[in-house]
Each structure stands twice: as C-alpha cells, then as structure tokens.
Amino acid sequence: MSLLFIALSIPILIFILIYNYNKNSAGMVSILNEAGCADLEGRRRAHPGFDREPESPLRFLAELASVDPGYFRTEQSRDLLYRALTSAAYIDAAYVSFEDGYHRVVTRIDEDRRHADPKIPATANWHSSYIDAISYALSRVRHRKFFDIWPQEVGAYDVATDTDIRTCRVIRPPRRRGRWR
C-alpha cells in the first residue's frame, strides 16, 4: 500500500516542482525586464547627463547579465539591448557574451556595415543577432535579424560561423575630455 502511495505521489510532486519553477522563472524575467526599463528611464530623468555616459546603461546590462544570464538567451532580451543602445547616439553596439561562446548583440546599421554585407536589406536600420554556444557540434550558427523601425522585422538569415568572441580583442576608441567618444 505504501509503495503504491509513493509511486503515485512522486510524479505529482515532480510535476508541481517543475510547474512552480517555470512560473517563478517567468515571473522573475518579467520583473527584471520591467525593472530594467524603469531603471534606465529613472536614471535618465535623475541624471540629465545620463545620455552622454555610455557606461551607465552598459553597466546595468553587465549587472543584469551577472544576476540572470539566462535572460539574454531569450528573444525578449534584445529589446533591453536596443534600449541601452539607443540611450546615447554614439553607442554603436550593445552586446552580451558568455564563457560558453554564446553572444547576443544589437547594432546600428551604418554604411560600413551595409557595404560589408550585401545581404542586409536596404531599409534596415537595426540589426540583432545571436551566436549559438560552443558545443560538440561541427559548426555554430549566427542568427541575424534586421529591423527598419524597432521591432518591425524586414529580413533575417542564418549563417555558419567560426567566430569565438572570447578570443576577440576589444578595441576602444580614444578618450576625449575624460569621456568616451
């Protein structure tokens, strides 16, 4: 009788645990997304120079990535990257990369990018992509999407890549008057 009770109750308990985990995860991501929007807007209102300091929204992205790295593996995170990117006119790209090689980025489309990649749609102004994590697979894929007015998609394609962001050097622009140019 007790074996029957255990056999019937364990699957139910496992289901309850998985269900609650998924609900709590979704709730936390929603709260983080709302907090991210509110934090960026609050900082912008509290500090008029916020738009000229790219370190503030980018530092916020870094803090969020350390608290919930899984959030940046979802499509919802590209909106937060877009908000950080548009917080200052001279930020060209906002991205998050992880130790396993996963990389997500949102960039502005300028003439250099358009010239370097003929597959970019003519009406595209924004680009979002992510590169799969390094695994035992033979190749990795970069999933690219293009937008004219955010978040209206005007094109997309996937391309195989051997890029390993972990080994790329970061080249910083020259400093002028104590601020990033």
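# Reading side-chain contacts and strand pairing

Tutor: Start with Phe15, which counts as exposed at 57% relative accessibility.

Student: What do buried, exposed and partly exposed mean?

Tutor: Buried is under 20% relative accessible area, exposed is over 50%, and partly exposed lies in between (1.4 Å probe, protein chains only). Tyr19, with a relative accessible area of 44%, is partly exposed. This is a predicted model, in which local features need pLDDT of at least 70 and side-chain atom pairs count only at pLDDT 80 or more, while totals for chains, interfaces and linings use all residues. Residues are numbered from 1 along each chain as its sequence is written, and side-chain values use heavy atoms, with hydrogens and water left out.

Student: By which two values is a pair of aromatic rings described?

Tutor: By the distance of the centres and the angle of the planes. Rings of Phe, Tyr and Trp (its six-membered ring) pair if their centres lie within 6.5 Å; planes under 30 degrees apart are stacked, over 60 edge-to-face, and the rest tilted. That rule gives 8 aromatic pairs here. One of them joins Phe15 and Tyr19: the ring centres are 6.2 Å apart and the planes are at 20°, so the pair is stacked.

Student: How many residues apart are Phe15 and Tyr19 in helix H1?

Tutor: They are 4 residues apart in H1 (residues 2-46), which means a separation of about one helical turn. Helices (H or I, at least four residues) and strands (E, at least two) are DSSP runs, numbered from the N terminus.

Student: Which angle lies between the planes of Tyr82 and Trp150?

Tutor: The angle is 0°, with 4.5 Å centre to centre, and this aromatic pair is stacked. Tyr82 belongs to helix H3 and Trp150 to the loop between S4 and strand S5 (153-161), so the pair ties together parts 68 residues apart in sequence. Tyr82 is buried at 18% relative accessibility, and Trp150 is buried at 13%. Both rings belong to one aromatic cluster, made up of Tyr82, Trp126, Phe147 and Trp150.

Student: Over which rings does the charged end of Arg73 sit?

Tutor: A charge sits over a ring if NZ of Lys or CZ of Arg is within 6 Å of the ring centre and within 35 degrees of the ring normal. The charged end of Arg73 sits over the ring of Phe98, 4.9 Å from its centre, and also over the ring of Tyr102, 4.7 Å from that centre.

Student: How many salt bridges does the structure hold?

Tutor: The structure holds 7, a salt bridge being a side-chain nitrogen of Lys or Arg within 4 Å of a carboxyl oxygen of Asp or Glu. In one of them, the side chains of Arg78 and Glu75 meet at 2.8 Å, N to O. Arg78 is buried at 13% relative accessibility, whereas Glu75 is partly exposed at 32%. Glu75 and Arg78 also take part in a network of salt bridges with Arg104 and Lys145.

Student: Which distant parts of the chain does the pair of Arg113 and Asp92 link?

Tutor: The side chains of Arg113 and Asp92 meet in a salt bridge of 2.9 Å, N to O. Arg113 is in helix H4 (residues 111-116) and Asp92 in the loop between helix H3 (77-85) and strand S1 (93-97), 21 residues apart. Arg113 is partly exposed at 25% relative accessibility, and Asp92 is partly exposed at 35% relative accessible area.

Student: With which residue does Asp117 form a salt bridge?

Tutor: The partner is Arg144, with the closest N and O atoms 2.6 Å apart. This pair links Asp117, in the loop between H4 and strand S3 (126-131), to Arg144 in strand S4 (residues 140-147), 27 residues away. Asp117 is buried, with a relative accessible area of 13%, and Arg144 is buried at 12% relative accessibility.

Student: In which sense do S3 and S4 pair?

Tutor: Two strands pair if DSSP finds at least two bridges between them. S3 and S4 pair in the antiparallel sense over 6 bridges, and Ile131 has Arg142 in S4 as its bridge partner. S4 and S5 are also antiparallel, over 8 bridges, with His143 standing opposite Asp158 in S5. S4 and S5 form a hairpin with 5 residues between them.
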